[in-house]
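Q: I'm new to this one. Can you walk me through it?
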Amino acid sequence: MRFDYDTSYQDSKRLLRYRSDQLIYGLTLALLLAAPWLLPKYYVGELTYLYIMAIASLGLMVLSGYTGQVSLGHAAFLAVGAYAHAWFLGQGLPFAASILLATALSGLVGLALGLPAIRVSGLYLAMVTLAFAILIEHVLGRWKSVTGGFNGMPVADPSLFGLDLSGLKSFYFLCLGCLIVILLLLINLMRGRTGRAFVGVRDSEAAAASLGIWVAGHKVLAFVISAAVSGFAGALLAHHMRHITPEGFSLLLSLELVLMVTIGGLGSLRGAILGAFLIGMVPAFISQIKPYLGDRISKQFGLEIFFFGLILAFFVLFEPKGLNGRWLKVKAFFETFPLYRKDVFRRGKTYMKSERYR
Amino acid sequence: MPPEIAAVLQLVLNGMATGAIYALVALGLVITYKATEVLSFAHGDVLMASAFVAWGLIVGLGLSFWLAAVLTMVFAAVLGWQIDARVMRRIVGQPQFSGVMLTIAIAFMLRGLVSMLFGPESRSYPTPWTQQTTQIGALVVSDLHLVILAAALALTAMIYLFLRYSALGISIQAASQNQLAAYLSGIRVKQLTSLVWALAGAVAGICGLLLAPIALVDISLWIVVLKALSALVLGGFGSIPGAIVGGLLLGLIEQFAGVYLPDGSKDVAAYVVLIATLILWPRGLLGEAHGRRV
């Protein structure tokens, strides 16, 4: 077993407090840095895609996991980011300026949706965001002069300060770097004053308000941060897709994002990344096993969506805390080795409580 | 009758006919929501699966429409019952979000299964009313639309009376207000909840059966559930008459938007209505007041 023994105030502020943490995360980072040379090209591309989805999933986690505002339409913000970035690049802006502008624009759209949307909560908010995503998809399809309609628009290659980043390896490192920077930013934001206010709003709005937290303001702020991060991911995704169409940002993508945060475990950034990796790998996994299935089944596109449903149902039923919850349980098992009992995480008997008047 | 008024009346009739479908789907959603507070996102996929089953029975096996209709309803009801008894029952008492996620998971699995079993092609089947029209004054309306409208109104009346006056209906209301108290006064809550899901399933089965001849039997049939959500919000969430009023109204809005507003607004009208209603007027037309308890 491990006991905290701090010898200075700085000890409790460190991100990686223990040797074992430093070892694990250091090794992971080293592996990821070496991956482009170790893995075949196909998998490097897949990993890049997973990083982008992880960024998007982090964005949604701030809103759904930390602030408790369900959004079933986050693909809309990815779409705004992607289209804005592609359009700015098309106007001749440099990569860095364009991606920052796209992020800001996406944040503004988040503000525009968040300001009215905080009037509703729970199921109603889920429906508003869902409808908003469908609206954005239609707008992108119809606004032909800017977005190219349903034919989509091409995306220029990324380059930073004259350095070409369109190669497989360089784009891989760009996405990995962005993921790490955003992760660090969000970790610090979430353990600071703002993040704690978010959690307070999630757990009880009345309690948060009576502690002097500005509930409405923090809800809108969560919307803006979440939309901006998702927009950033959308801009990277545009480069990954090379040619963006409204169908690329359909309802399914929104639901995939919600799947990622739910399966990862609501309320943890680690969960967002784990969930993104698990869900992001499903399509690749299915294309791997397709040759072994019968011809009849493998031709249909339904297999992928069936697996999504199966994984989601499995997690909601058997591991509501998600991958992060399982990680914590495994960790607790090893840390308290001979003393661990199953009952530590047992759930009590429950009855339905009405949320109608929340 | 002057032609302008006739044209408007024709639009009204068409709108009511589409609206009746939305109303019927919304009705299925609202009964599960009222009884269990779970908004079933799988409702549209139960509907879609029923349409495919009906196609299999009518075209595949060559059964008569009425026999196939009864069998489809039984299929949808059993499906609804099983969804509750095997899956939804396990997450009772967890936050509402789990219910949303679990029904989405069921929806995905149903959609995947149907597309693996039947393939992606669209198809259609004949009904006793296909291709027939009725002349009302200067207006022409297809019989299928009239049947849908009649079915929607009759079903709503039946379900409303059932919940309001029968002993079973009153126990469902009791269980929806406080499960533990209902359980302690001898109501068999688990069975009752499954019964409600079966009822909602049967309603979805009827919807699928009637919608498929209009819109083709296709995987994308489930999208009607999104329109139904909009109808539900417009009519007032959790109100059975509200579901019907909202559905009919939404059908009208869509028809008129398609004619008088710019191209493409018909497709998005339902979603604009949903967002606008929720933000400006969350109670809807016939909704209950939302209180806030600390």
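Q: What does helix H14 of chain A reach from its first C-alpha to its last?
A: In this predicted model, H14 (residues 302–318) of chain A has 17 residues and reaches 24 Å. That is close to the 24 Å expected at 1.5 Å a residue. The expected span is 1.5 Å times one less than the number of residues. Helices are DSSP runs (H or I, at least four residues), numbered from the N terminus.

Q: Which residues in H14(A) are buried?
A: Among them are A:Gly302, A:Phe306, A:Leu312 and A:Val316. Buried takes 20 or more other C-beta atoms within 10 Å of a residue's own, exposed 12 or fewer, partly exposed in between, with C-beta atoms placed from the backbone.

Q: New topic. How many residues of chain A are in contact with chain B?
A: 42 residues of chain A are in contact with 44 residues of chain B. Helices H5 (123–142), H11 (251–264) and H14 of chain A each give two or more residues to that side. Contact takes C-beta atoms, placed from the backbone, within 7 Å.

Q: What ipTM does the predictor give the complex?
A: The ipTM is 0.86, and the pTM is 0.88.

Q: And A:Ile187, where is that?
A: A:Ile187 sits in helix H7 (residues 168–191) of chain A.

Q: Why is A:Ile187 called partly exposed?
A: Because 15 other C-beta atoms lie within 10 Å of A:Ile187.

Q: What does A:Ile187 touch?
A: A:Leu15 and A:Leu269, not counting residues up to four places away in sequence.

Q: How are residues and chains labelled?
A: Residues are numbered from 1 along each chain as its sequence is written, while chains are lettered from A and ligands numbered from 1 in the order written. Local features need pLDDT of at least 70, side-chain atom pairs count only at pLDDT 80 or more, and totals for chains, interfaces and linings use all residues. pLDDT is the predictor's confidence in each residue, from 0 to 100.

How values were computed. Two residues are in contact if their C-beta atoms, placed from the backbone, lie within 7 Å.
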